[in-house]
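The following note sets out points for a colleague who is examining the model. Please read each point with the structure open.

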Amino acid sequence: MLASRFRRRWMALLSATTLSLAFHTISAQAQPDTQTLVPEDRAMKDALDAAREHRWSRIDDAAVDNHVLAGYVEYHRLKSRLPDVTALEIQRYLSRYADSPLSSWMRGQAQIAFGRDGRFADLLAISDGEPPGTIRQCYYYTALLDRAPEKAAEGGRSLWQVGHSQPSECNPLFDTLRARGDIDEGDIWTRLTLAWQNGESGLVDYLSGLLGPQWQAGIGALERLRSNYAAITEIPTAIGPQGQGSGALFTAAMHNFTRADTEAALEAWRKISPHIPLNDAQRHEIEHDLAFYSMVRNIDNNAGWVDSILPRLADADLFELRVRNALAARDWGEVIDWIDAMPEATRQEAHWQYWLGRALNQRGNTAAARAAWQLAANARSFFAYAAADKLGQPYDLDMNMPDLTPLQKELVAMRPVVKRSEALRRIGELGLARSEWFHAINRASATEAAVLNAYALDKGWYNLSIHGAIIAEQWDALAWRFPPAYQAAFTQWGQRNGVDPYLLMAISRRESAFNRQAVSPVGARGLMQLMPSTADHVSRQLDIEAPSLGELFEPATNIRLGSAYIRDMLERYRGNRIAAAAAYNAGPSRVDRWLRDSPDAFDLFVESIPFHETRAYVQAVLTYRVIFESLAKHGDTQGVALLTQAEREGAYDATLLARNP
């Protein structure tokens, strides 16, 4: 069904966001009890620790050579010998461990070592196409300079055309391509404008010195623009030989001007647009930026131009922003018109069908409103469930678990990836175990991925089943994507703190995807992603000793403190879970401010949240909560509510604040 396909797109977006949040650095490995390890595992743990430190004499080779993890010790030994290793030795290692991430790690290490050593024939011998990573790519294309010069030139130009400095390992490639004329002064100028657009002044000055006399007028024009964007209406329209540098300069100038002063930038654009030579992509980029910032900054003088240009640009993100602005103004006619103008795929999403129904209902067209809500309610998302509430019907959980035979489930334990993952977990190497698992899922067929995901769930490896289902795009396999992880602890501390355990599970699922060792880039830790400062604050409130950083990875500790914190947020907002979830993500001071300036309906409040992350977070948490409760009832959504009556019908304004901060 068409609606089902668009529902999958929406859930994919939510899952991708979750994935990005949950794949944080694992900074604390579980420490195994070495007294309980069998001798073979204890010997492997000791050998791996010694191999990392290059203490080869401490490794009992006889005890580990036949261990399922022997390749890890061999990896460190081979890596330590680089670059004094033959390509054949590397190839044999890659072949032996082709089903393990060890192969890609070793290939990467060898490519860098061979590249630094100038062994380009050997580098190509162990490569399987363009490698990931800038340094490896630069070595790879350097290796191709004399063997496949056209391919080297294409790859080298792609690496060159960026607005930032590249690693020094790229210099030989760039120097050769410049000497051959494959990177010419036009390419230098393009990179210079990208660097200016990116705020890289030092790179701009360096690249300026590489340009000849024909570009000096262009450099002068750029210098004028660097001090005064408004000079864009006065500089020559033809930059460089035959005007080949005009498009890049005007695109970069408008990029910077639009962000600095959108209203003045549009005024200038109207003057110069008919007269400057731009390709379609450059013109589109400029006008997209102008429309976007005009709407984000609510520039009234630009509104007419924006409305006239949106149909030609036909960008989904601009239409969505235009509808949000119409919702903020309660202009229901414009909401209808701009949803109708959206690209078909965007318009059919549950989110926008909900708002179409809402607008039609406001205009008195009840039948059309119900039709839009019915289409929206076929999906699995916040606004799909809100649409179902409008219709008074149960939610569409749409769970579809792959069929697996008992034999498939039995045989999976014999797979090498499973044996390696289990062995790594036994010796406390959870990060490596995760790498093994995800490497296997990425290479697996749909059936193989399903078997692995089912095994992970059975073993209680909840984070692996979640991400395995996401990687395999098994969106309807809800038992794997929303497992009952740490349910006893969520129930215990939910009951003690008067917080719905399903809400706690939904928050944890969104925050960490049940990765108990997750650490965010800003230092939030554990299942519910607590900042150490928040944990200290809550501990003082509870009159208990503040946990150490390591203790925040313990599920019971993390859930106890996280549930107490969300309880405080619920009390702050009179039990309103939308406001409390927003505060958990963005902080209560921001939510207080949003409520004081807020529309008075729940859906308008959610749509008006200015941070995309928080807007998506609130929708995900409330949706996930529905899923967890429904799964606990064996997939039955009868009696499950997205929102309470007070949350659906109450005012979202300053009266929601139970107390001042």
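**Note on the predicted model**

1. The largest nonpolar core comprises 209 residues, and Ile90, Trp189, Trp269 and Trp437 have the most contacts inside it. Such a core is a set of buried Ala, Val, Leu, Ile, Met, Phe, Trp, Tyr and Cys residues joined through side-chain atoms within 4.5 Å. Helix H37 (residues 612-632) gives the most to this core, namely ten residues. Helices (H or I, at least four residues) and strands (E, at least two) are DSSP runs, numbered from the N terminus.

2. Residues are numbered from 1 along each chain as its sequence is written, and side-chain values use heavy atoms, with hydrogens and water left out.

3. Tryptophan 437, one of the core residues named above, touches Val417, Val418, Ser421, Leu452, Tyr455, Ala456, Trp461 and Leu464, when residues up to four places away in sequence are not counted. Contact here means heavy atoms within 4.5 Å.

4. As to the overall fold, the protein has 38 helices and zero strands. Its radius of gyration, 29 Å, is close to the 26 Å that the globule rule gives for 661 residues, so the protein is as compact as a globular protein of that length. The radius is taken over C-alpha atoms, and the rule is 2.2 Å times the number of residues to the power 0.38. Along the principal axes, the C-alpha atoms fill a box of roughly 80 × 75 × 50 Å. Among contacts with a separation of 6 or more, 62% are between residues 24 or more positions apart.

5. Of the 661 residues, 54% count as buried; buried means under 20% relative accessible area, exposed over 50%, and partly exposed in between (1.4 Å probe, protein chains only). The protein exposes about 28400 Å², of which carbon and sulfur atoms supply 48%. Accessible areas come from the Shrake-Rupley method with a 1.4 Å probe; for residues, only the protein chains shown count as cover.

6. The count of salt bridges comes to 30, a salt bridge being a side-chain nitrogen of Lys or Arg within 4 Å of a carboxyl oxygen of Asp or Glu. In one of them, arginine 322 pairs with glutamate 334, with the closest N and O atoms 2.8 Å apart. Arginine 322 belongs to helix H18 (residues 316-328) and glutamate 334 to helix H19 (residues 332-341), so the pair ties together parts that are twelve residues apart in sequence. Arginine 322 is buried at 9% relative accessibility, whereas glutamate 334 is partly exposed at 25%.

7. A further salt bridge joins arginine 577 and glutamate 647, whose closest N and O atoms are 2.7 Å apart. Since arginine 577 lies in helix H34 (residues 577-586) and glutamate 647 in helix H38 (residues 645-649), the pair ties together parts that are 70 residues apart in sequence. Both arginine 577 and glutamate 647 are buried. Elsewhere, Lys45, Asp49, Arg52 and Glu429 are linked in a network of salt bridges.

8. What covers the buried residues of H19? The cover includes helix H17 (303-313), H18, helix H20 (344-347), helix H21 (350-362) and helix H36 (602-608). The buried residues of H19 themselves are Trp332, Gly333, Val335, Ile336, Trp338 and Ile339.

9. There are 27 aromatic pairs. Rings of Phe, Tyr and Trp (its six-membered ring) pair if their centres lie within 6.5 Å; planes under 30 degrees apart count as stacked, over 60 as edge-to-face and the rest as tilted. The rings of tryptophan 160 and phenylalanine 174 have centres 5.2 Å apart and planes at 85°, so this pair is edge-to-face. Tryptophan 160 is buried at 3% relative accessibility, and phenylalanine 174 is buried at 5%. One aromatic cluster is formed by Tyr354, Trp355, Trp373, Phe382, Phe383 and Phe602.

10. Some backbone features remain to be noted. Leucine 82 and proline 83 are joined by a cis peptide bond, with omega about 5°; proline 83 is in the loop between helix H4 (70-81) and helix H5 (87-96). Histidine 54, which is not a glycine, has a positive phi of about 60° and is placed in the loop between helix H2 (39-52) and helix H3 (61-64).
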